[in-house]
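Visitor: I am new to this structure and would like to be taken through it in short steps. Could we begin with the terms?

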Amino acid sequence: MVSFRYMLWIDGVGAWQVCCGTTVVVGSAAPDAVADIRLQAPLSRRHAVLELSGENWLLRPLQVSGAAPGESRAATTLASESLIPLSSRVLLRFRIPSVLSSSAVLTPHSPHRFVPHADGVVLLADRMLLGPGSDSHIRCRGIADRLVLYTSNNGLWCRSTSEFLVNGRATTDAAEIEHGTMVSAGEFRMRAEQLSGNDP
Amino acid sequence: MKFTFAPESRPLEGYTIKRAIHRGGFGEVYFAISDAGREVAVKLLNNNLEVELRGVRQCLNLNHPNLVTIFDIRQDADRDYWIVMEYVGGTSLLDVLHRHPSGMPLPEILRWLSGMAQGLAFLHDRGLVHRDLKPANVLSDGEQVKIGDVGLSKYISESRRSAQTQSVGTVYYMAPEVCRGRYGREVDVYALGVMLVEMLTGQMPFDGETTAEILMKHLTADPDLSMLAPAVQDVLRGALEKDPDKRIQDVLELQRRFCAAVEAPGSALPLDTGRAAAAAFAETLPGPADSRQAAGQPVPPAEPGRPFVYDFKYDWDFNQPLPTAAAAASPQSFWKSLQQFWRRLPEPVRWVLMGAVLLSVVSSEVFVGSEEAVAGGLLGFAAWYLFVDQKAKKKKRSESAAGSAVQPSSGTQPTPATTVAPVQPAQPRQPLPGPGRAADLPQPSRARQVHPPLASPQLSLRDRLRDMNLSAAAALPAVLVVTASLFFLTDVIPEASQAVFFGLTTLICVWVLLIPAKLWEGVGGEGLLRRSLQFAAGILVGLLVWCLQDFLLLGQADIFRTDGSGVIAARLQSSVPLLENEVPTPAGFMAFFGLLFGVRKWWSQADRWRSSRLRISSAMVSLLAGAAVSWLLPFPVALGSTLALSVSMVLQLSAGWLPLGLRGMGTRGNPAGVL
C-alpha cells in the first residue's frame with residue numbers, strides 16, 4: 001500500500017492525485033473501496049497492483065481482465081506510453097515523462113474517471129516535476145521555474161531553484177507539504193490535500 | 001495575475017472552490033464542489049448586465065446530452081452574479097485538433113459531428129443560435145460530445161447604436177453575414193462547416209495574417225477544398241456558402257449529407273472503418289429537421305450529462321418586437337426584397353445598370369437618352385472589368401500561387417484519414433490578441449445602418465476635430481477627381497469656368513456637411529432635429545453658391561436654365577420668386593440647397609463606421625433626391641442631381657472610414673480610420 005496520498009488542486013491546470021509508495025492498488029470506487037487509485041468503472045475492489053521494482057513499474061493483475069486470451073496474473077513490466085487494460089473497456093495510459101525519475105503518470109484512456117475527480121494520478125517513486133516542459137509530470141504553463149516534489153522523512157516536500165511562497169511565506173529552501181498547504185509562484189497556485197484511506 | 005478566489009474559498013453559499021479553471025473576457029470560471037458533493041463549474045460574471053443574465057436565464061432549463069447544462073444563477077454577498085453549471089472534465093475538440101495536425105480520423109470526426117449536430121439542432125428547434133461555435137467550445141466528456149462556451153464575452157451596448165450585441169468570438173469561424181449583423185441559425189451551420197474542414201485537413205479554410213484578412217476571406221474568398229473528394233467538397237461548399245439563404249439550412253441536413261458523401265464510393269477514403277462508421281451514423285440520423293420530433297415520435301431520452309459553460313443567444317433581438325405579418329408586408333420589407341433582388345444580380349450586370357442610369361441622368365434629361373444609357377452601361381462594364389474583376393482575378397492568382405508553393409510532393413507526407421494531402425503542418429492555434437480574437441461585429445437594427453465599432457465609441461473633441469480636418473483635406477483631391485470626371489465625360493458642365501464653379505460648390509457643401517457629421521459621430525441624436533439643422537445650413541450654402549456664380553459671371557449660363565414650372569415655385573411665385581428668366585434666383589438657390597441638405601441623412605455617409613467607404617446605392621439615392629428637389633422647385637435637374645451625386649461621392653470618399661476588420665482595435669492614434 002502507499003504510504004500516503006495527496007490531491008493537488010492547481011489553478012488553471014487541473015486536479016492531480018499523487019500516490020507516494022512502492023505498491024499502489026487499483027480498484028473500483030465502490031462505497032467499500034480499499035484501492036489507492038479508484039476508478040468509476042466495473043472493476044474489483046482490488047483489481048490490480050502497480051509495484052515499483054528498482055527503476056521499473058510492474059503491473060500485477062489481481063483479477064483476470066478478459067481483455068486478452070491467455071492472460072495470467074504474472075507481473076508485467078510497464079514501458080512508458082503503454083496502455084493498461086484493466087478490463088476489456090477500461091484502459092489507463094501509463095507514461096514516465098522524465099528519464100531522471102521513475103515517477104509515472106496514469107491518465108484514463110477510456111471514458112472513465114478517477115474518484116475523487118482527478119485529471120490524472122502521479123505514482124511518485126522519488127521525485128516529480130511540475131513545470132512547463134514536456135518532461136514534467138504535471139505540465140503547468142503558469143510557472144517559470146520547475147517545482148520539484150519529493151518524499152523525505154515519510155513526508156512530501158517541495159523545492160525550486162527560485163523563490164516561491166508556501167502559505168504566503170517566501171522561501172528558497174525546501175518546504176514540507178502538509179494537508180492544506182498552499183504553494184504559489186507567479187501565476188502558479190496549488191493547494192495540497194492529504195487523502196486518508198477512507199477518502200473516496 | 002492570480003485568480004481572484006483561492007482554493008477552499010466559499011464566495012458562494014453551498015459551494016467550495018477547489019481550483020480555477022479558466023479566465024476569460026467575461027470573468028473567471030472555477031471548479032467547485034457543492035456541500036452535497038456535486039462537481040460543478042461556477043462562472044463569475046464581470047459585467048452584471050441584465051441582458052447577459054436574461055440570455056443565460058433562457059438557457060436555464062435546457063437539457064440535452066450534447067449541451068452543457070446550466071444549473072443555476074446565484075448572487076454572492078457582494079451582489080456579484082455567478083452561473084452554476086455542469087462541469088465537463090474531458091478534452092476539448094481544440095486539444096484533439098492539436099493532436100492531429102494533418103486531420104482527424106474519420107470515425108472521430110463523425111463522432112464529434114454527430115454530437116455537435118444533435119446539440120445545435122436542439123438549440124435551433126428552440127429558436128436559439130449558439131453564435132460562437134468553435135473547437136474550444138466543444139468538449140468530450142468520455143464518449144459524450146458537449147457544446148459549451150467558456151472564454152466568451154457577450155454584452156449589449158447601451159450606446160447610440162444600441163440593440164446591437166457586441167460579442168467576442170473567434171474570427172476563424174465567423175459567417176460572412178455576421179458583418180451585416182445577421183445572426184440566424186445559418187451562422188452555426190457555417191461554423192460547423194469551417195470546423196469540418198479543419199477536422200478533415202487540419203487547416204483553416206479561411207486563414208490569414210490579420211483579423212482583417214481573415215474577415216475579408218470570409219466575405220469574398222472561396223475556400224480551397226481541392227484536396228477533398230468531390231462529394232465532400234460539394235457538401236462543405238454548401239455549408240460555407242456566403243449567402244446564408246443559399247447555405248445548407250439545417251445542421252442535421254449537413255450531417256446527413258456529409259455522412260453520405262464520405263460513404264460514397266468516389267470519396268476515396270482510405271479507411272474502410274471510416275466508411276462503416278459513416279454508414280452506421282447515417283442510419284441513425286433523423287430525417288430532415290428531425291422528422292421524428294416533427295412526427296411527435298419520442299426522441300431517445302437524454303443521457304445524464306455533466307460539465308461546462310455555454311452562453312447561447314436567441315436569434316431575435318431582445319430589444320426588438322417580434323415580427324408580425326403586418327410588419328412583413330410593410331414597405332420596408334419591400335425595400336428589403338428589392339435590395340435582395342439587386343444583390344442577386346450578377347455583379348457585371350449591376351455595374352452596367354448603374355453606369356447606364358448614372359450617365360442617362362447626368363448627361364441630359366432624366367432617363368431619356370438611350371445612347372447615353374448604352375454608353376453608361378459600357379462604361380459601367382468597363383469599370384467593373386478593370387477595377388473589380390481584374391482585381392479579383394489577380395487576388396485569386398496570388399492565392400493559388402501561394403497555395404501551390406506549399407503543396408507537398410506526392411507521397412512524401414503522411415496520409416491523413418481522408419483523401420486530404422496535408423498542405424503543411426497546422427499552425428499552433430494561438431488565441432488572437434484582444435480584438436483579433438473577437439470578431440463579433442455589431443448587429444445594426446437595420447440592414448443599411450452603419451456598422452458600429454466593437455468598442456463603444458469614446459471620441460474626444462480632439463479626435464473629432466482631427467478627423468474633421470483630415471476629411472476636409474481629403475475632400476480636395478476627391479472634388480478634383482469627381483469634377484474632372486464630369487467635365488471630361490459628360491456635358492453637364494461644358495466650360496472650365498462652370499467646372500470651377502461646380503467643384504467649389506461641391507467642396508463648400510462637403511465641408512459644411514462634414515462639420516455636423518463629425519460632431520454628431522458616435523453621439524445619439526434626433527434625426528428630425530439634425531435634418532432641420534442641415535436644412536438651415538443648406539440655406540446659407542445656397543446663398544453662398546449664388547454669390548459664387550454671380551462672382552464668376554455665370555448667371556445666364558445654360559447649366560442654370562430650366563424650363564420646368566415646379567410645384568413649389570408656382571405657389572411662391574407671387575411672394576418669393578424662385579425663378580427669374582428660367583434661372584434660379586438667390587431664393588431658388590437657397591431653397592434648393594436647403595431642401596437637398598434636409599432630405600438626406602448626410603451624417604451617415606460621413607460616419608466612420610459606415611458599412612463601406614463608398615456606397616454606390618447611397619450616391620444613387622442622393623442623385624435621385626437631387627433630381628426630385630430640382631423638379632419640385634424647380635432647379636436645373638441635370639445640375640441639381642449631378643451636384644447631389646457629386647456631394648455624396650466626395651463626402652463618402654473623403655470622410656474617414658474604419659474597415660470592418662479594424663473595428664474594435666481602438667481609434668486612438670487613428671481617429672479618422674482609414675483615409
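Guide: Two strands pair if DSSP finds at least two bridges between them. Helices (H or I, at least four residues) and strands (E, at least two) are DSSP runs, numbered from the N terminus. The model is a predicted one: local features need pLDDT of at least 70 and side-chain atom pairs count only at pLDDT 80 or more, while totals for chains, interfaces and linings use all residues. Residues are numbered from 1 along each chain as its sequence is written, and chains are lettered from A and ligands numbered from 1 in the order in which they are written.

Visitor: Over how many bridges do strand 2 and strand 3 of chain B pair?

Guide: Strand 2 (residues 27-34) and strand 3 (residues 39-45) of chain B pair over seven bridges, in the antiparallel sense. B:E28 has B:L44 of strand 3 of chain B as its bridge partner, and B:Y30 stands opposite B:V42 in that strand.

Visitor: What about the hairpin of those two strands: which residue takes a positive phi there?

Guide: That residue is B:G37, with a phi near 100 degrees; the hairpin has four residues between the strands.

Visitor: Is strand 3 of chain B mostly covered or mostly open?

Guide: Strand 3 of chain B is mostly covered, with five of its seven residues buried. A residue is buried if 20 or more other C-beta atoms lie within 10 Å of its own, exposed if 12 or fewer, and partly exposed in between, with C-beta atoms placed from the backbone.

Visitor: And which sheet order do the strands of chain B follow?

Guide: Five strands of chain B form an open sheet in the order 1-2-3-5-4, with antiparallel pairing. Strand 1 and strand 4 (70-75) of chain B are the edge strands, each pairing on one side only. From one strand to the next the twist averages 30 degrees. Within chain B, strand 3 also pairs with strand 5 (residues 81-86) in the antiparallel sense, over five bridges, and B:V40 has B:E86 of strand 5 as its bridge partner.

Visitor: Moving to helices, how do helix 3 and helix 4 of chain B cross?

Guide: The axes of helix 3 (residues 106-125) and helix 4 (residues 186-201) of chain B come within 11 Å and cross at roughly 170 degrees. That makes helix 3 of chain B roughly antiparallel to helix 4 of chain B. Axes are lines fitted to C-alpha atoms, for helices over the stretch in contact, and angles run from 0 to 180 degrees between N-to-C directions. Angles under 35 degrees count as roughly parallel, over 145 as roughly antiparallel, 65 to 115 as roughly perpendicular and the rest as oblique.

Visitor: Which residues make that contact?

Guide: Helix 3 of chain B gives B:I109, B:W112, B:L113, B:M116 and B:L120, and helix 4 of chain B gives B:D188, B:L192, B:L196, B:M199 and B:L200. Two residues are in contact if their C-beta atoms, placed from the backbone, lie within 7 Å. By class, the residues of this contact are nine nonpolar, no polar and one charged. Here Ala, Val, Leu, Ile, Met, Phe, Trp, Tyr, Cys and Pro count as nonpolar, Asp, Glu, Lys and Arg as charged, and the others, Gly among them, as polar.

Visitor: How many residues of helix 4 of chain B are buried?

Guide: Of its 16 residues, 16 are buried. Just after helix 4 of chain B, B:G202 takes a positive phi of about 80 degrees.

Visitor: Now chain A: where is A:E81 found?

Guide: A:E81 is found in the loop between strand 7 (76-77) and strand 8 (82-85) of chain A. Its phi is near 70 degrees, a positive value in a residue other than glycine. A:E81 counts as exposed because it has 9 C-beta neighbours inside 10 Å.

Visitor: And what is the phi of A:N154?

Guide: Phi of A:N154 is near 60 degrees, again positive in a residue other than glycine. A:N154 lies in the loop between strand 15 (147-152) and strand 16 (155-160) of chain A.

Visitor: Which residues does a cis peptide bond join?

Guide: A cis peptide bond joins A:V115 and A:P116, with omega about 0 degrees.

Visitor: Finally, how many residues does each chain bring to the contact?

Guide: Chain B brings 14 residues and chain A brings twelve. On the side of chain B that touches chain A, strand 1 (residues 15-23) of chain B gives the most, with four residues.
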